[in-house]
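Here is a short report on one protein chain. Keep the sequence and the model in view while reading.

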Amino acid sequence: GPCRFGESIEERGNESSRPLLLWVLRDVARQLQDSKGRILAPEEYLESCLHAEPQSDEHARAANDVRRSMLHFFKHRGCVALPPVANKSGHKASVLSLREQVVSMCLSNPKMVGGQPLTCYSLV
């Protein structure tokens, strides 16, 4: 059936426990573009994918359900495009920037597990 994880969080009335979504694209060698060839920033690319026109075949319907669930569940979304590993200096700088972004997101949006604050360092 359709993905209903976001609905179960809402049922509990636990809006503040919703995680942020940071979608990481690996090995991006070219600029990101939409279906019309317009160059997009990573966040714009993610949003264009999530808001893509629904398709009607069986496989596409499942993908449509996932997109709808992601839009519904993750109110705060971000996207980062990492260059190929072969681009050593660019890749390293991008990964360090990604790390800083993840830490910043965790610190600005603290979560509680079992009544205890969950921090980025708890996950490492």
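Asn 64 lies in helix H3, which covers residues 58–73. Helices here are DSSP runs of H or I with at least four residues, strands are runs of E with at least two, and both are numbered from the N terminus. The model is predicted: local features need pLDDT of at least 70, side-chain atom pairs count only at pLDDT 80 or more, and totals for chains, interfaces and linings use all residues. Residues are numbered from 1 along each chain as its sequence is written, and side-chain values use heavy atoms, with hydrogens and water left out.

Is Asn 64 buried or exposed? Asn 64 counts as buried, because its relative accessibility is 7%. Buried means under 20% relative accessible area, exposed means over 50%, and partly exposed is in between (1.4 Å probe, protein chains only). Leaving aside neighbours within four places in sequence, Asn 64 is in contact with Pro 54 and Gln 55. Contact means heavy atoms within 4.5 Å. Asn 64 and Pro 54 are 10 residues apart along the chain, and their C-alpha atoms are separated by 5.9 Å.

Ser 69 is also found in H3. Its relative accessible area is 16%, so Ser 69 is buried. From Ser 69 to Leu 50 the C-alpha distance is 9.7 Å, across 19 residues in sequence.

## The largest nonpolar core

The largest nonpolar core has 10 residues. They are Leu 21, Leu 25, Val 28, Leu 32, Leu 46, Leu 50, Met 70, Phe 73, Phe 74 and Cys 79. Strand S1 (21–25), helix H2 (42–50) and H3 each give two or more residues to this core. A nonpolar core is a set of buried Ala, Val, Leu, Ile, Met, Phe, Trp, Tyr and Cys residues joined through side-chain atoms within 4.5 Å.

Asp 27 lies in the loop between S1 and strand S2 (32–33). Its phi is near 55 degrees, a positive value in a residue other than glycine. Asp 27 counts as partly exposed, because its relative accessibility is 40%.

## Helix H4

His 91 is found in helix H4, residues 88–108. His 91 is buried because its relative accessible area is 19%. Not counting residues up to four places away in sequence, His 91 touches Leu 82, Pro 83, Pro 84 and Val 85. The buried residues of H4 are His 91, Ser 94, Leu 98 and Val 103.

How far apart are the end C-alpha atoms of H4? They are 30 Å apart. At 1.5 Å a residue, the 21 residues should span 30 Å, so the two values agree. The expected span is 1.5 Å times one less than the number of residues.

## The second largest pocket

This pocket has a volume of about 180 Å³. Its lining is Gln 33, Asp 34, Ser 35, Lys 36, Arg 38, Tyr 45, Ser 48, Cys 49 and Ala 52. H2 gives the most to the lining, with three residues. By type, the lining divides into three nonpolar, three polar and three charged residues.

On a 1 Å grid over the protein atoms alone, a pocket is an open set of points with protein on both sides within 12 Å along at least five of seven lines, and lining residues have an atom within 4 Å of a point. Points are joined across faces, edges and corners, and the volume is the space filled by probe spheres (1.4 Å) set on them. Ala, Val, Leu, Ile, Met, Phe, Trp, Tyr, Cys and Pro count as nonpolar, Asp, Glu, Lys and Arg as charged, and the others, Gly among them, as polar.

## The whole chain

The chain has five helices and six strands. Of its 124 residues, 24% count as buried.
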